[in-house]
Structures are given as structure tokens and as C-alpha cells.
2 protein chains.
Amino acid sequence: MSHTLGIRQAQKQKTRQALLDAALGLLEEQSLSSLGLREVTRAVGVAPTAFYRHFRSIADLGVALVEEALGSLHPMIRTTVSAADSSEERIARAIELIAGHVDGYPAHVRFIARERHGGVQPVRDAIRDQLARFAEEVKGELAKDPESEGWNDDDLLMLAHLYVDQMLITASLFLEALEGTEEDRERVAQVATRQMRLISIGRHHWPG
Amino acid sequence: MSHTLGIRQAQKQKTRQALLDAALGLLEEQSLSSLGLREVTRAVGVAPTAFYRHFRSIADLGVALVEEALGSLHPMIRTTVSAADSSEERIARAIELIAGHVDGYPAHVRFIARERHGGVQPVRDAIRDQLARFAEEVKGELAKDPESEGWNDDDLLMLAHLYVDQMLITASLFLEALEGTEEDRERVAQVATRQMRLISIGRHHWPG
DNA sequence: AAATCCGGAGAACAGTTGTTAACTGGATGA
DNA sequence: TCATCCAGTTAACAACTGTTCTCCGGATTT
């Protein structure tokens, strides 16, 4: 029961999305801290001042991009981490999810990898918060697993962060391999699979 | 038998180093792709055109910064990874090395973390090459370990990359904790230690 | 039908940028 | 001692930046 927007609001959202899309495109070859407000509006075809109708600043737009890039990913992560016959199958599905996401949304992935440690603090903070949410959710799924018996909360969260960071590293490697051959991507998948496998083995024999 | 430089060359190197230092300072609050040539020379106190006597461009300066930040780290990594009575002790020494390095050279660490996926390709490439060297060296040390019997080269390199990436993540976390309390830093050290421990356990039981 | 709202346009502001060219003056080497 | 070198300076260039204020005209509300 979505309330149909008026012509005014619809047009505004359209322009806003155009600004986000244009910014994301421009960010493939530079960092957010060097992205200019005029640069973005020029790419969209609107006046520079129109920018202020949608965002207070470029940093503000960056925070919106974080939400766009990571916000819709939470359910996917949950279902991928949970429910699998074997841990080997779970790994394969996770790698597949990452590869598919990088294929479908390369600019979003690049943006997150680039700005996670980038020069704009509000954006760094927004990414950190989203990744912390991912880790909490992964932890929640891991806790359901019978193999997590005897694990305390700290160790579960530690492992969840390890998984999340590993996923980001893998996504970044897939991104680099996008311009390479199919064989390059296959090699990335195999290395990432074995790294995940090694972590899973460590988990199985924890704490020693 | 170091040949004493003439007054001319000595003064030139001094200015060059001043440019590198100023740039590193300015990069604590922005990315390389937004760093201006005039900004750097202004901070040093020389004319903008003097910049060209030392670097072709900002990207060129960035590559020099990569060498400065990572070049001298190779021997430290080697000695830290190799030779230890127990793997537990090796982990403790690695964490200690990282914490100490972040304490001593926070700006360098921030620069590497920020520009590894940053908006300037030549700099990304330079960092990737240095990290690949680290991985090769770690692999070399791991190969000497009796525990590496039966490991093939691919798996050793896979493990080495896992260690290197983990070190970078840990360094980045220590960096964030620098502005926090001593307790924050201790927590980072403990989480990082347990993550390293889990990876070591996985290594011990590889391939399953 | 009339009054209000509001996303976008236009013009102008002072300040910034990278790059060029020609020059200066102290160190260097014959 | 004298000619050469070369790190750094000065001046000028067109192009660009974020931000303010004023205005327009179609959508919205009364």
C-alpha cells in the first residue's frame, strides 16, 4: 500500500537519484574528498545550486551513497550465512554471492572499499556502522549453528568480524579481476575459498 | 662509504623531504586525489613551481610516499614472522610490532590504508606491489617452518596473504584506537590476537 | 480561482587550482 | 677566476571551485 507520490516529489526524487548515480560514476576514477559539487551537477545537467535542494554537502551525498550501497545487503548476508548442509557449501554460496554482487554493482563495491578508509569522516563513520551491523548479524547466525556451542559472545563477534573483513577483501579482489580474464576471476574465487576454508577449520578446532 | 653530498644536492633533498612530510600531514584529513600541489608548497613555504623540481605530479609524490611508508618495513616483517619458540609467541610479537609501528608512524599507516583502494591508480599499484612483496617474504619464512611440511606453494601464498591482510586490518584498528583510551587499544590487541590464533589453528589442521 | 509552495535557473562573488615562461643567485667544475 | 648549472622565485594565464541572492513557473493547497 505505497502512497503514490505527487508529481513534485516524484520529480525531486528522480533528480536526487540522478545526482547519486552521477556521483557514483565520477567516483570510479577519484575519491569522494576530491569530488566537486559542480562536477556532479554538470554530469546530471542541472544548475549547481540545485544540488543544495537535495544535499547539504558532498559528504552528505556520500553518506546517502553508503546507505544505497550497503542498506539492501543485510537480508542477503543473513540468508547466505545461515542454513547450509555443510560449511563447505556455505563457503561456496558466500563466494558466489560476493562475485555476483561485484558483477552487478561494481561501482558500489568500489565506493565502499575506497571510502571505508577515505578522507571524509562522516562517510567513514557510516560505513563502519553498517559493517558493524553486518558483523552483529553474522554473529547472530553463527550463534544458531550447533558448532557454536561453548562459544562466548566476544569470540563469536571476533569470528564474525573476521568473516566480514574477509568478504570485503574478497570483493575488492573480484573488483580488480573484473577487467581481467575469466581465469583471473576463477583464481580469486579459489584463493578466497581456501582462505574461508582455513578459517572454518580454525573455528572447528577452537580454542586449540 | 657514503659519499657526502654537495651543498646543492643536500639542500634539494631537504626540500624534497619537506614536501613529503607536509603532504603526509595534509593527508590526515583528506585523500591524495584531492591534495593540491599549491597546498603542499604553501605548507612548506616554497613557491608552487618549486614542486616540479622534485615531482612530476601529486601522483608521483604519492608513489614516493608509498616507498617511504613501506620500503623500510620488509626486514622487520621477516624477523618478526620467523624464529619464535611457539606460534603463540610469534603472534604476540607480530601484534606488538604492529602496535608499535602505528604508534610511531600513524600518518604513514593512515596513508597506506587510505590509498590502498584510493583514487590514484599509480599509487594503488605501488601499494599492491609492496604488499605482494610482503606476502612473498612471509611465504618464504613460513616455508622454513617445520609445520609447513606437505604444503604446496599456492597454499603457502594463500596463507601469507591472509596474514598480511590481517596485519593491515589490525593496523587500521589500532589507528582508530589511537584517539581512544588505553583500554580501547588493549581490546583491539586482544581481538587481533585471537583472530591470529584462530588462523594459526586453521593452519595447523589444514587441510581438514 | 487564487494564494502559496518549492525545485530549479541565472548571475555574480572572491578564492582557488595547475601550468607556462622568464629570471635570479649561489653552488659547482674547468 | 670564470663560465655553467640548476633549485627556487616571480608573474601571469585561463579555468575552476563553493556559496549567496534573486528570480521563475509549474505543482500544490486553500
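Modeller: Two residues are in contact if their C-beta atoms, placed from the backbone, lie within 7 Å. Please note also that this is a predicted model.

Colleague: What share of the interface residues of chain A are also interface residues in chain B?

Modeller: In the predicted model, 28 residues of chain A are in contact with 28 residues of chain B. The copies meet through the same surface, because the share of interface residues of chain A that are also interface residues in chain B is 100%.

Colleague: Which element gives the largest share of the side of chain A that touches chain B?

Modeller: Helix H6 (106-115), helix H8 (153-177) and helix H9 (182-205) of chain A are the elements that give two or more residues to that side. By class, its residues divide into ten nonpolar, twelve polar and six charged. The largest share, nine residues, comes from H9(A).

Colleague: Which element gives the most to the surface near DNA strand C?

Modeller: DNA strand C is surrounded by 19 residues, and among the closest are Thr15(A) and Gly36(B). The elements that give two or more residues to this surface are helix H1 (7-26) of chain A together with helix H1 (7-26) and helix H2 (37-44) of chain B. With four residues, the element that gives the most is H1(A).

Key
Residues numbered from 1 in each chain as written. Chains lettered and ligands numbered in written order. Predicted model: local features only at pLDDT ≥ 70, side-chain atom pairs only at ≥ 80, totals over all residues. Near = placed C-beta within 6 Å. Nonpolar A, V, L, I, M, F, W, Y, C, P; charged D, E, K, R; others polar.
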